[in-house]
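Morning, everyone. I have one structure to go through today, so please have a look at it before I start.

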Amino acid sequence: MSQVNNTSLSGIMNSIDLGPTQSLQMLFAKLNLAQAQLAKNGAMDNIKKIQDSQEAQKECAAMIQKARELQNTAKNNNSATDMPADMKAFFTKNNLKWDTKGNDDHHNKDEWDYNIQQLTSYRDQLGTDTQQLMVFVQDFMGQYNSYLQGANSAIQQGNQTLQSLATGR
């Protein structure tokens with residue numbers, strides 16, 4: 001486990017109150033609950049990344065639609081259309097390349113093909129990233145469930161031990 005996880009685990013363990021932890025079962029339960037919380041935090045972090053990626057996908061889809069409209073205008077008028085400032089800013093912000101023939105922002109139909117390909121590739125990459133993040137969320141949730149099950153089992157064993165001691169069985 002990395003130092004960050006050790007620090008996080010230690011902080012989470014200190015915040016979990018199962019009473020005295022002289023019992024090995026209760027200490028194990030506390031550790032499992034802390035690990036479950038770390039898994040939950042990891043899942044939540046990835047859910048936030050998924051939400052951000054989905055917003056970027058929406059923005060990219062809007063840019064693709066706008067680029068196609070500009071391409072159709074260029075095709076129908078047999079001329080070039082200008083790349084809007086917000087589209088240029090989107091390309092720049094996301095480190096995407098656009099057609100630079102003529103050192104201007106005027107693009108004919110074929111030049112718009114290149115720009116649309118760049119946007120489409122970026123959208124596809126965002127989709128792939130989102131799918132990978134979903135796999136991570138599923139993994140974290142599996143860990144979360146496993147750790148909670150371990151904690152519950154340890155608590156039950158601790159309670160059975162205490163009950164056996166109290167009843168003399």
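First, the ground rules. This is a predicted model, where local features need pLDDT of at least 70, side-chain atom pairs count only at pLDDT 80 or more, and totals for chains, interfaces and linings use all residues. Residues are numbered from 1 along each chain as its sequence is written, and side-chain values use heavy atoms, with hydrogens and water left out.

Now the helices. Two packed helices are described by the angle between their axes and the distance between the axes. Helices here are DSSP runs of H or I with at least four residues, numbered from the N terminus. The axes are lines fitted to C-alpha atoms over the stretch in contact, and angles run from 0 to 180 degrees between N-to-C directions.

Helix H2 covers residues 24-77 and helix H4 covers residues 109-167; they pack at about 165°, with axes 7 Å apart. H2 and H4 are therefore roughly antiparallel to each other, a term for angles over 145 degrees. Their crossing is left-handed, that is, the near helix is turned anticlockwise from the far one by less than a right angle. In the contact of H2 with H4, the residues divide into 33 nonpolar, 18 polar and 7 charged. Nonpolar means Ala, Val, Leu, Ile, Met, Phe, Trp, Tyr, Cys and Pro; charged means Asp, Glu, Lys and Arg; the others, Gly among them, are polar.

Next, the salt bridges. Side chains of opposite charge can pair when their charged atoms come close. The rule is a side-chain nitrogen of Lys or Arg within 4 Å of a carboxyl oxygen of Asp or Glu, and by it the count comes to 8 salt bridges.

Lys109, Asp110 and Asp113 are linked in a network. Lys109 meets Asp110 at 3.9 Å, N to O, and Asp113 with closest N and O atoms 3.7 Å apart. Lys109 and Asp113 both lie in H4, 4 residues apart, about one turn of the helix.

How exposed are they? Buried is under 20% relative accessible area, exposed over 50%, partly exposed in between, with a 1.4 Å probe and protein chains only. Lys109 is partly exposed at 32%, Asp113 is partly exposed at 30%, and Asp110 is exposed at 53%.

Another salt bridge joins Asp124 and Arg123, 3.8 Å from N to O.

Notes:
Helix = DSSP H or I, 4+ residues; strand = E, 2+ residues; numbered from the N terminus. Parallel < 35°, antiparallel > 145°, perpendicular 65-115°, else oblique.
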